[in-house]
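Here is a short briefing on side-chain packing. It covers nonpolar cores, then aromatic rings and the charges over them.

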Amino acid sequence: MAYERALYLLVENEYEEIRRHNQEDLTARRAAVYQAVPEIEAIDQEIQSVGLSIISLAVSAPADIEQRLLALREHQKALQIRRQSLLIENGFAADELSMRYMCERCQDTGTDLDKPCECYRRRLVMKAFEKSNLSQQLRNQSFKTFDLSLYSQEIDPQYGISPYTAMQNILTICSNFINDFDRTEKNLLFWGQSGLGKTFLSTCIAKELIKKGYSVIYETTYQIVSLLEDYKFKRSDDLAGLKAQTERLYDSDLLILDDLGAEFSTSYTNAALFDILNSRLITNKKTIINTNLGLKDLAERYSERVISRIFGSYQTLQFIGEDLRLKTSVNRYKQEEQ
Ligand SMILES: [Zn+2]
C-alpha cells in the first residue's frame with residue numbers, strides 16, 4: 001500500500017530543507033573556525049589546490065604518474081592531520097569542519113542502499129499522522145495503551161453482558177476491521193454514552209491503518225458541518241484549500257466522523273453530510289462514525305429513511321459501562337488520598 005503522492009512530495013521537501021540547513025550550519029562553523037585559527041583556512045586552501053593537482057595529473061597522465069600521485073596524496077594526508085590537531089588544540093570538536101547529518105545512515109538523502117531509509121519511512125508516517133488531524137492523539141493512544149481493565153467485569157442486567165466482555169468483542173471486531181481493511185464491506189458505527197472510549201478506539205484504528213499506508217481523516221461532525229457551510233458560502237480566502245479539504249472527506253481511505261449528533265444541523269448540512277456518507281458507500285471507502293445518541297434518536301434526528309439507507313451497511317457496536325474519564329479521575333483521587 002503506497003501513500004498519497006502529495007505526502008512523498010512533502011517529505012522530499014523536508015529532506016531538501018534539512019540538507020540546506022546542514023550546508024548552512026557547516027558554512028557558519030567553518031567561518032567561525034577560520035576566524036579563530038587563520039592557519040586552518042590556509043591549510044584548507046592548500047588541500048584544495050593539492051586536490052586540483054591530482055585531477056590535472058590524472059588527465060595529463062605522465063609517465064611517472066604513480067610516483068607523483070603518491071607524493072601528492074602523502075602531502076594531502078599530512079595537511080589533514082595538521083588541520084585536525086589544530087582544531088583540537090584550539091578547543092574545537094574533531095568534526096567541526098565536517099557535515100553533520102540528522103541521519104548518518106543515509107546522510108540525509110532519505111535513501112539507504114537504493115531503498116527508502118528508515119528515517120524516510122518514519123517521516124512519511126508522521127506526515128500521514130499530521131494529515132489525519134490526529135497527530136496529537138496518535139502520540140500516546142494505541143491498542144497498546146488501551147486499558148481493558150478499566151471496564152467492569154460485572155454483568156450489566158440490562159444487556160446480559162459485562163462491559164468488559166462487550167469491549168473485548170468490540171476489540172476483536174476492530175482488529176478484524178484493520179486486518180481485512182481492503183476486503184471488508186463493513187463500516188463501523190460506535191454508539192453509547194460519552195466517556196466509554198469510542199474516540200480513543202477510533203484513534204487506535206486510525207494509527208494502525210496510517211502505519212499501513214492508508215489515508216485517514218478524522219473530523220468531528222461539528223467541524224465537517226462548518227467546513228461544508230464555509231465551502232457553500234465561500235467563506236474563506238483560500239477557496240482552493242477549502243475545496244481540497246472537502247474533497248478529502250470523499251476520497252480518504254478511512255473517514256472517522258466523531259460525535260455525530262452534536263453538530264448544529266440544518267437541512268442543507270444534513271443533506272451534505274449524508275451525501276458524503278452515501279458517496280463513500282458507493283465508492284467503497286470505509287467510514288467509522290461515533291455518536292453519543294441512541295439509534296432511535298439518530299433516526300429521529302436525521303429521518304428514518306436516510307438512517308436506514310446509510311446505516312444498513314454499518315456494523316453497529318454499542319459501548320456500555322460507566323464513564324471511564326470519571327472512573328480514572330476518581331481512581332487517581334483515591335491513589336492520592338492513600
Ligand atoms: Zn536516513
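The points below are grouped by topic.

This is a predicted model. Its largest nonpolar core has 45 residues. By the ring-pairing rule, the count comes to 7 aromatic pairs.

**Nonpolar cores**
- Phe190, Leu201, Ile205, Leu209 and Leu254 have the most contacts inside the largest core.
- At least two residues of this core come from each of α1 (5-36), α4 (118-131), α6 (163-179), β3 (187-191), α7 (198-211), β4 (216-220) and β5 (254-258).
- The largest share, 7 residues, is supplied by α6.
- Domain 1 (5-111) and domain 2 (132-329) both contribute residues, so this core lies between them.
- Another core, of 23 residues, lies apart from it; Leu189, Leu227, Leu257 and Val306 are among its members.

**Around Ile205**
- Leaving out residues up to four places away in sequence, Ile205 touches Phe143, Cys174, Phe177, Ile178, Leu188, Phe190, Leu254 and Ile288.

**Aromatic pairs**
- Phe146 and Tyr151 are stacked, because their ring centres are 6.1 Å apart and their planes are at 15°.
- Phe146 is buried at 12% relative accessible area, and Tyr151 is buried at 4%.
- One aromatic cluster is formed by Phe146, Tyr151 and Phe200.
- Phe177 and Phe181 have ring centres 5.6 Å apart and planes at 80°, so this pair is edge-to-face.
- Phe177 and Phe181 are both buried.

**Charges over rings**
- The charged end of Lys286 sits over the ring of Phe181, 5.8 Å from its centre.
- Lys232 lies over the face of Tyr268, at 4.2 Å from the ring centre.

Note on methods
Residues numbered from 1 in each chain as written. Predicted model: local features only at pLDDT ≥ 70, side-chain atom pairs only at ≥ 80, totals over all residues. Heavy atoms only, no water. Core = buried A, V, L, I, M, F, W, Y, C linked by side-chain atoms within 4.5 Å. Buried < 20%, exposed > 50% of the residue type's maximum accessible area, 1.4 Å probe, protein only. Helix = DSSP H or I, 4+ residues; strand = E, 2+ residues; numbered from the N terminus. Domains from an automatic or database assignment. Contact = heavy atoms within 4.5 Å. Phe/Tyr/Trp six-rings, centres within 6.5 Å; stacked < 30°, edge-to-face > 60°. Lys NZ or Arg CZ within 6 Å of the ring centre and 35° of its normal.
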